[in-house]
Amino acid sequence: MTPPQPNVVQFPAYGDYESDCPARLAVDIFGNSWLTVIVYTLREGPMRPVELRRAIGGISQKMLTQTLRRMEGMELLERRRYAEAPPRVEYALTPAGRDLLIPILALGEWADRHGDTVRAARYGDPDD
């Protein structure tokens, strides 16, 4: 069976290691493991920070706050503040954030198909 071929995107010519290269931006986004986890967690709709932290598990409040601020600055999510007592804040994906689900889900499919092979090659077969 021939593996599926990815759609090849043609980017404008960029110099080597240019900071505005789209591929470099994508690598930066996927290099932050919490960012992709937050995008995936918000896939079904807005959540409050406490709900995000509970759903994700293993992320400190400080790291969650830093990552949410970074994502907001990148316009991957929007912060909604409600004038209530006590104040309520929710985070939701923007269209750019929702589009990130496409490569995140594709990477998840790849990991599901090949994760055991890579893990065994890297750490040895646990059955040995």
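This note goes through the predicted model point by point, from its overall layout to a few single residues.

1. Basis of the note. The model is predicted, so local features are taken up at pLDDT of at least 70 and side-chain atom pairs at pLDDT 80 or more, while totals for chains, interfaces and linings use all residues. Residues are numbered from 1 along each chain as its sequence is written, and side-chain values use heavy atoms, with hydrogens and water left out.

2. Overall layout. The protein has six helices and two strands, where helices (H or I, at least four residues) and strands (E, at least two) are DSSP runs numbered from the N terminus. Read along the sequence, these elements follow the pattern α-α-α-α-β-β-α-α. Of the 128 residues, 24% are buried; here buried means under 20% relative accessible area, exposed means over 50%, and partly exposed lies in between, with a 1.4 Å probe and protein chains only.

3. Arg88 forms a salt bridge with Glu84, in which the closest N and O atoms are 3.2 Å apart, and another with Glu90, in which they are 3.0 Å apart. Through these shared partners, Glu84, Arg88 and Glu90 are joined into one network. Glu84 is partly exposed, with a relative accessible area of 39%, whereas Glu90 is buried, at 15%.

4. Backbone details to check. A cis peptide bond, with omega about -5°, joins Ala85 and Pro86, and Pro86 is placed in the loop between strand S1 (77–82) and strand S2 (88–93). Glu75 has a positive phi of about 60° although it is not a glycine; this residue lies in the loop between H4 and S1 and counts as exposed because its relative accessibility is 59%.

5. The largest pocket. Eleven residues line this pocket, and Pro22, Leu25, Ala26, Ile29 and Leu100 lie nearest its centre. Helix H1 (residues 22–31) gives the largest share of the lining, six residues. By class, the lining has eleven nonpolar, no polar and no charged residues, where nonpolar covers Ala, Val, Leu, Ile, Met, Phe, Trp, Tyr, Cys and Pro, charged covers Asp, Glu, Lys and Arg, and polar covers the others, Gly among them. A pocket is found on a 1 Å grid over the protein atoms alone, as an open set of points where a 1.4 Å probe fits, with protein on both sides within 12 Å along at least five of seven lines; lining residues have an atom within 4 Å of a point.

6. Pro95 is in helix H5 (residues 95–99) and counts as exposed, at 54% relative accessibility. The C-alpha atoms of Pro95 and Leu77 are separated by 8.4 Å, although these residues are 18 apart along the chain. Val118 is in helix H6 (residues 101–123) and is partly exposed because its relative accessible area is 40%.

Methods: A salt bridge is a side-chain nitrogen of Lys or Arg within 4 Å of a carboxyl oxygen of Asp or Glu.
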